[in-house]
Amino acid sequence: QESVPEKIDYVFKVVVIGDSAVGKSQLLSRFAKNEFCIDSKSTIGVEFQTRTVTIKGKVIKAQIWDTAGQERYRAVTSAYYRGALGAMLVYDITKRPSFDHVARWVEELRAHADNSIVITLIGNKADLVDQRAVPTEDAIEFAENQGLFFSETSALSGGNVDTAFFRLLEEIY
Ligand code: GTP
Ligand code: MG
């Protein structure tokens with residue numbers, strides 16, 4: 001599914017949001033560079049990375065935007081969401097509060113992003129099975145009620161990361 005294209009058919013902007021320390025930046029570097037950093041620093045402002053993929057024969061440049069979960073480090077909200085076709089809303093399966101805040105992040109998306117934005121709810125750190133604090137069923141129920149896609153991922157192991165991003169990009173397409 002990978003290629004080094006000469007010509008890009010589409011650029012898809014995707015935003016990654018969720019509480020601080022849930023693993024947003026590491027999910028992004030796993031998807032964009034297949035890298036993981038254990039002592040990752042909190043994001044300040046906005047960063048983005050890209051990965052070019054082929055979906056249904058079209059060359060798509062995924063431009064993935066990442067900002068701080070912490071309010072005081074966050075970018076200007078309206079600019080961050082402008083033109084976004086997809087969103088990855090991330091919580092940490094070992095941190096119940098990060099899941100309890102997901103509803104607020106959905107509200108922010110509904111307020112600032114385009115109505116047609118495709119949203120995937122991501123339960124990250126699925127490798128930490130012994131510390132699980134959010135049952136998968138709770139997340140599935142929330143996602144169904146809100147009309148979101150849902151995946152559990154591990155940026156550390158890489159498990160499900162590509163699958164989740166590809167599903168989002170295919171859905172946008
Ligand atoms: P902010 O930039 O502050 O909003 O945080 P963030 O959501 O970008 O979190 P970040 O990606 O920096 O990761 C926070 C911490 O969680 C780091 O210590 C990572 O190493 C760790 N981490 C991220 N993903 C995983 C994962 O899938 N499994 C495990 N075990 N640790 C992870
Ligand atoms: Mg970050």
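Predicted model: local features only at pLDDT ≥ 70, side-chain atom pairs only at ≥ 80, totals over all residues.

Mentor: Residues are numbered from 1 along each chain as its sequence is written, chains are lettered from A and ligands numbered from 1 in the order in which they are written, and side-chain values use heavy atoms, with hydrogens and water left out.

Trainee: What makes strand β3 largely enclosed by the rest of the structure?
Mentor: Buried means under 20% relative accessible area, exposed over 50% and partly exposed in between, with a 1.4 Å probe and protein chains only. Seven of the 10 residues of β3 (residues 58–67) are buried, so the strand is largely enclosed. The name strand is given to a DSSP run of E with at least two residues, and helix to a run of H or I with at least four, numbered from the N terminus.

Trainee: How do you know which strands pair with β3?
Mentor: Two strands pair if DSSP finds at least two bridges between them. Strand β1 (residues 10–17) is joined to β3 by seven bridges and runs parallel, with V14 opposite I64. Strand β2 (residues 46–55) pairs with β3 in the antiparallel sense over 10 bridges, and there R51 stands opposite A62. The hairpin of β2 and β3 has two residues between the strands, and K56 takes a positive phi near 50°.

Trainee: Why is helix α1 called mostly covered?
Mentor: Nine of the 10 residues of α1 (residues 24–33) are buried, among them K24, L28 and F31. The elements that cover these buried residues include β1, β2, β3, β4, β5 and α6.

Trainee: What makes a group of residues a nonpolar core?
Mentor: The members must be buried Ala, Val, Leu, Ile, Met, Phe, Trp, Tyr or Cys residues joined through side-chain atoms within 4.5 Å. The largest such core has 25 residues, and those with the most contacts inside it include Y81, F99 and L121. Its largest share, four residues, comes from α4. Apart from this core lies another, of 24 residues, including L28 and V90.

Trainee: Which residues does F99 touch, leaving aside its neighbours within four places in sequence?
Mentor: Contact means heavy atoms within 4.5 Å, and by that rule F99 is in contact with Y91, L121, V134, D138, A139 and F142.

Trainee: Why is one space called a cavity and another a pocket?
Mentor: On a 1 Å grid over the protein atoms alone, a cavity is a set of points where a 1.4 Å probe fits but cannot get out, whereas a pocket is an open set with protein on both sides within 12 Å along at least five of seven lines, and lining residues have an atom within 4 Å of a point. Grid points are joined across faces, edges and corners, and a volume is the space filled by probe spheres set on the points. The count comes to one cavity of 30 Å³ or more; the largest cavity holds about 40 Å³, and α6 gives the most to its lining, with three residues. The largest pocket holds about 370 Å³, and of its 25 lining residues the closest to its centre are A21, V22, G23, Q26 and S40.
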